[in-house]
Amino acid sequence: MNKSSFRIAAACLASLAAFAAVPAHAGKTLDGIKSRGQVVCGVNTGLAGFSAADSNGKWSGLDVDICRAVAAAVLGDGEKVKYVPLNAQQRFTALQSGEVDVLSRNTTFSLTRDASLGLHQTAVTYYDGQGFMVPTKSKIKSAKQLKGQTVCVQSGTTTEKNLTDYSKAHNLGIKPVVFEKVEAATGAYFAGRCIAYTTDASGLASVRNKEAKDPAEHLILPELISKEPLGPMVRRGDDEWFAIVKWVVYGLIEAEEYGVTQANLQQMKSSTDPVVQRILGTTEDTGKLLGLDRDWLARAIKTTGNYGEIFERNVGPKSALALPRGLNNQWNKDGLMYAFPIR
């Protein structure tokens, strides 16, 4: 290498080193959030276990906890969230227009949504699949027995298209009965206008638990006819905000993997495990790379607990929905929850 080439290479390395050390700019979305003192979060109009408000207007659920964790990371307080209930037709427009900062509303990631809506898919918070619910008295035990039957479904969802595809692929001639609002679709099913109701399996469990007079009178069929990876979405054009939401989710998942909980967080700050030290910001300041402070992830965990705690509290076996961890278990426990490393 001649002297000229050496000088060029050295200059490039110096530039790269300097760039790596520069903290991230906060980004326009985070600037707006800090200015108003709230994260505006788009949620479901009411899906128990994921996002639903009680009689006092207090929101809870897995998707709600993601919003709370993000607010804790960026504003220092998980209660600084404004929840905007959105139906399936409203949700993308609300995010595109800037009405909400993040959409955390049991929304499936798909190629079409990723490539054509001007939105970013962040990280999966729940691996789901579409299923069917039928009255137990119908004696139907399999989705293949729905040949020629009526099925209630909500419009403007992946569910509607999946139903059509499944019916065509298996020559079932299913007759969809389509409703704009989920409340209308479930109401029609419970009134007997359809022999089955279809949506994500987690949604079926929520509806059966919340709306059925006797949950035992309704059976969720064993087949899943689709893959439905659910998670929060943000607008394109603000990579800093995209990174923040994504890494809050990954941080909650990684915290579970390394045993950092809401209860032991303070104790774990004395851990000598390098990964735990990075999660809690005791040795490395990962926050500066996101435009946040070093305690961003510790605050999120303190507010909601790690991913496993969020799951168990809202939808797990001991909750009203009683859903198994299944695919939503950690990758080293036969599940799909695999966080990108915090380093």
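Is Gln 130 buried or exposed? In this predicted model, Gln 130 counts as buried because its relative accessibility is 0%. The close-up views below begin with this residue.

**View A. Gln 130 and its polar contact with Thr 198.** Gln 130 lies in strand β8, which covers residues 130-135. The side chain of Gln 130 is joined to the side chain of Thr 198 by a polar contact of 2.9 Å. With 0% relative accessibility, Gln 130 falls in the buried class, for which the limit is under 20%.

**View B. Gly 173 in the loop between α6 and β10.** This loop connects α6 (158-169) with β10 (175-179), and Gly 173 is found in it. Gly 173 has a relative accessibility of 44% and therefore counts as partly exposed, a class that lies between the buried limit of 20% and the exposed limit of 50%.

**View C. The surroundings of Gly 173.** Leaving aside residues up to four places away in sequence, Gly 173 touches Gly 148, Gln 149 and Ser 167. For one of these residues, Gly 148, the C-alpha atom is 4.9 Å from that of Gly 173, while the two residues are 25 residues apart in sequence.

**View D. A nonpolar surface patch that includes Trp 331.** Trp 331, Tyr 338 and Phe 340 make this patch, which has an area of about 350 Å². Trp 331 is located in the segment after α13 (307-314). The relative accessibility of Trp 331 is 41%, so Trp 331 counts as partly exposed.

Key: Residues numbered from 1 in each chain as written. Predicted model: local features only at pLDDT ≥ 70, side-chain atom pairs only at ≥ 80, totals over all residues. Heavy atoms only, no water. Patch = residues over 30% accessible without salt bridge, like charges linked within 9 Å, V, L, I, M, F, W, Y side chains within 5 Å. Areas by Shrake-Rupley, 256 points an atom, 1.4 Å probe, with all protein chains shown as cover. Salt bridge = Lys/Arg side-chain N within 4 Å of Asp/Glu carboxyl O. Helix = DSSP H or I, 4+ residues; strand = E, 2+ residues; numbered from the N terminus. Buried < 20%, exposed > 50% of the residue type's maximum accessible area, 1.4 Å probe, protein only. Contact = heavy atoms within 4.5 Å. Polar contact = N/O pair within 3.5 Å; in protein donor to acceptor, adjacent residues only side chain to side chain.
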